[in-house]
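The sequence and structure come next.

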Amino acid sequence: MRKRDLSYWLFLMPVLAALLLVVIAPLLLGIYYSFTDWNGIQTKGFVGFDNYIALFQDERFMDSLWFTVKFSIVSVILINLIGLSLALIVTAKLKTNKALRTIFFMPNLIGGLILGFIWQFIFTKAFAGFGSIVGIESLQGWLSTPGTGFWGLVILMSWQMSGYIMVIYIAYLEGISKELIEAAEIDGANAFQRFRHVVFPLVAPAFTVSMFLTLSNTFKLYDQNLSLTGGGPYNSTQMVAMEIFNTAFGRYDMAYAQAKAVIFFLIVAVIALLQVYLSKKREVEM
Amino acid sequence: MRKKHLVPLEAAGIFLALIWLAPFYLMIVNSLKTKREIFEDTLKPPSTVTFENYVQAFSELDFLRTFVNSVLITVLSVVIIVIFSSMAAYALSRVKSRLSTIIFFVFVAAMLIPFQSVMIPLVTIFGKFEMLNRGGLIFMYLGFGASLSIFLYHGALSSIPKSLDEAATIDGANKFQVFWYIIFPMLKPITVTVAILNTIWIWNDYLLPSLVINQKGMETIPLKMFFFFGEYTKQWHLALAGLTLAIIPVIILYFFAQKEIIKGVSEGAVK
């Protein structure tokens, strides 16, 4: 097959057409709209950077951005800690380790929308029921305050994503040869020392992969946000993805919503490029 | 060789597994209770098991039709993604040119674009062409799913020697025959991974169908669940029965294809 062959283009055509119409054209058109006063149907003209200037003074947008950043940082740390712990447990020679892997991974197969509804029941009904039995007042009224809404989302995402991250760590942990660990054991290294000086350096690349995977998933979160808290109470748990959706399809402020979407794209792109840079750097060092 | 010191670790694992399962336990147990019994106590098993909630949820969700809608959209989209992505990856990996490199790079870079950044113009464009229907939705899934799939196929193709293609060509096969009869069967392991990753994502997707096929009778499971939940938000006995119904197909699939699913997901993430 050569470049000028018709077959080269026939093989590429369907996906190129789809990518062009579904991703590239909307992206470019979206950037254009964000500099206009487009209302979803027509534009009267350019407004320069007005939409962008407005959004940085928009409390609702800045609050959602700040909430998203806080939520992502806390979730990334917890998901990775829990995921790594689960991986260490199920890579030990346990009788139950296959069953445990199956259970920990299961939530990932179910859609975020459905998981959010299930946890809405757990937080509002089961927490309250359990709280009144054991006499813990703070288990009442979950999801009705900004704080419990925040932690509700963090708990839901940790429960869902830890099993996913566990699978990634397992792939790296099982790549470590048994001889290496046994050699360290014979040399007198205790369990902590073996983890710190033998296992940890070898799974370090897994940290880069897992950190950025969780970061990008939590930063872009929409479904769970919609079904667990709906952004409430009083928009206090509304994340950026939902803020963009509501600006566009709730308030029909299309050009303005698109400006927010462009900023959102830039942030996500910077995070991703940072990952590429860091993993390239690591490869060079190794 | 089992060591004694593993006992506490095993206990910790089992304890955590019970915590992981608790939400499912609570969902199922309460879906079998009457509204009144949920109100009285959420933690205990039901005093008398009632399937009444399931009967009502099944008909309110129009479950059979909703399920068929989901299967139709998911299967068609995945088949199309597999066919066209593998073909594209083949062309890009066999023709080594600057153009191929650029096209490949564009696909990979497109993975970075979050859905919300293109969502509004996407709906506008497809609305203009009157493509806000199931055909349009499947085409959109090809656009969003192609990048990762091409990336995975491209990696697998680099380990299949070009001499195979040449031998088949000498035997008189044309390019489509070479690809479909010689190369594609050799890509089977990566096809399984591509199919699994796209199935999980498309089956569970809510936002795109909500924007594209939001019409009565066409809803997929997540879409229907959203409306159903909105209607029965204070009636947990029905809502929980509906949620249980919604996840049963996934659990059954997981039960049968567990090994492939976990392997596929970890490959897709690590690469």
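Two residues are taken to be in contact if their C-beta atoms, placed from the backbone, lie within 7 Å. The model discussed here is predicted.

By this criterion, 8 residues of domain 1 of chain B are in contact with 7 residues of domain 2 of chain B. On the domain 1 side, the elements that give two or more residues are α1 (6–31) and α2 (35–40) of chain B, and α1(B) gives the most, with 4 residues. By class, that side of domain 1 of chain B has 3 nonpolar, 3 polar and 2 charged residues. The domain assignment itself places domain 1 of chain B at 6–50 and domain 2 at 62–270, and the centres of these two domains, taken over C-alpha atoms, are separated by 34 Å.

The contact between the chains takes 72 residues from chain A and 70 residues from chain B. On the side of chain A that touches chain B, the elements giving two or more residues include α1, α3 (59–90), α6 (146–173) and α11 (254–285) of chain A, and the largest share, 17 residues, comes from α1(A). By class, this side of chain A has 57 nonpolar, 8 polar and 7 charged residues.

Helix α5 of chain B, residues 98–110, can be examined in more detail. Its 13 residues should span 18 Å at 1.5 Å a residue, and its end C-alpha atoms are 18 Å apart, which agrees. Within α5(B), I103(B), F107(B) and A110(B) are buried; they cover an arc of only 65° around the axis, which puts them on the same side of α5(B). An α-helix has 3.6 residues a turn, so residues three or four places apart point the same way. On the other side of α5(B), R98(B), T101(B), I102(B) and F105(B) are exposed. The buried residues of α5(B) pack against α1 (6–33) of chain A, together with α4 (63–94) and α7 (134–157) of chain B.

For chain A, an unreviewed UniProt entry lists several spans as "transmembrane region", among them residues 7–35 and 150–172. The table gives the computed secondary structure and end separation for these two spans.

| Span of chain A | Helix | Strand | Distance between end C-alpha atoms |
|---|---|---|---|
| Residues 7–35 | 93% helix | 0% strand | 40 Å |
| Residues 150–172 | 100% helix | 0% strand | 32 Å |

Note on methods. Residues are numbered from 1 along each chain as its sequence is written. Chains are lettered from A and ligands numbered from 1 in the order in which they are written. This is a predicted model: local features need pLDDT of at least 70, side-chain atom pairs count only at pLDDT 80 or more; totals for chains, interfaces and linings use all residues. The expected span of a helix is 1.5 Å times one less than its number of residues. A residue is buried if 20 or more other C-beta atoms lie within 10 Å of its own, exposed if 12 or fewer, and partly exposed in between; C-beta atoms are placed from the backbone. The arc is that of the directions from the helix axis to the C-beta atoms. Ala, Val, Leu, Ile, Met, Phe, Trp, Tyr, Cys and Pro count as nonpolar, Asp, Glu, Lys and Arg as charged, and the others, Gly among them, as polar. Domain bounds come from an automatic or database domain assignment. UniProt positions are given in the numbering used here, feature names are shortened, and annotations may be inferred rather than shown by experiment.
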